[in-house]
Amino acid sequence: MFHKNIKLVLAVLIVATGVWQFTEDNIGNGIFLIFLSLVPVFLFYKNEYILLAFLQLRKQNFEGSRKWLTKIKNPETALVRKQQGYYNYLQGLMLSQTNLIQAEKFFKKAIELGLNMDMDLAVAKLNLAGVALSRRRKLEATNLINEVKKLDKQGMLKDQIKLMKDQMKKI
């Protein structure tokens, strides 16, 4: 895995080589290199390991997803801010299966760093509401569930929200 700035330097070098190919009248090579330079730029904004972890998560393979996330050694230098948010989001999802206390820290950090999609933000806040309920912090859980309702525009989390409200009545 390359440092995020190395990816940009690599893209600039490929573009420079493409321009050189244009000056040497190798138009096909130049066009190919210009298009090839888009790959490191894409990987600057969308980290390859996070993409592979999401792919494993879609298959419900938590171990495979965890394996790809552990390959990111230093997220602060290797990832841009939004990617760090998704790194923490995925770590929280992995840990929510086993350790809610650690998962809470990752979800809070993910929300602080920012997530691109409202649905991801809603899932993170819903998990935080579940942690708050397990710790008997009813007011915090209520506030988080209200935020989740606002973020869930497609209504995909209605059943989970209803389940959380039923659990709040028991407290």
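Is Arg135 buried, partly exposed or exposed, and at what relative accessibility? Arg135 counts as partly exposed, because its relative accessibility is 37%. The cut-offs are under 20% relative accessible area for buried and over 50% for exposed, with partly exposed in between (1.4 Å probe, protein chains only).

This is a predicted model: local features need pLDDT of at least 70, side-chain atom pairs count only at pLDDT 80 or more, and totals for chains, interfaces and linings use all residues. Residues are numbered from 1 along each chain as its sequence is written, and side-chain values use heavy atoms, with hydrogens and water left out.

The structure holds 8 salt bridges. Each is a side-chain nitrogen of Lys or Arg within 4 Å of a carboxyl oxygen of Asp or Glu.

| Salt bridge | N to O distance |
|---|---|
| Glu63 and Arg66 | 2.7 Å |
| Arg135 and Glu104 | 3.3 Å |
| Lys125 and Glu147 | 2.4 Å |

Arg135 and Glu104 link distant parts of the chain, 31 residues apart. Arg135 sits in the loop between α9 (118–134) and α10 (138–151), Glu104 in helix α8 (residues 100–113). Helices are DSSP runs (H or I, at least four residues), numbered from the N terminus. Glu104 is buried, at 6%.

Lys125 in helix α9 pairs with Glu147 in helix α10, 22 residues apart. Lys125 is buried at 13%; Glu147 is partly exposed at 31%.

Glu63 and Arg66 share helix α5 (residues 62–70), 3 residues apart, about one turn. Glu63 is exposed at 53%, Arg66 partly exposed at 27%.

Methods:
Helices (H or I, at least four residues) and strands (E, at least two) are DSSP runs, numbered from the N terminus.
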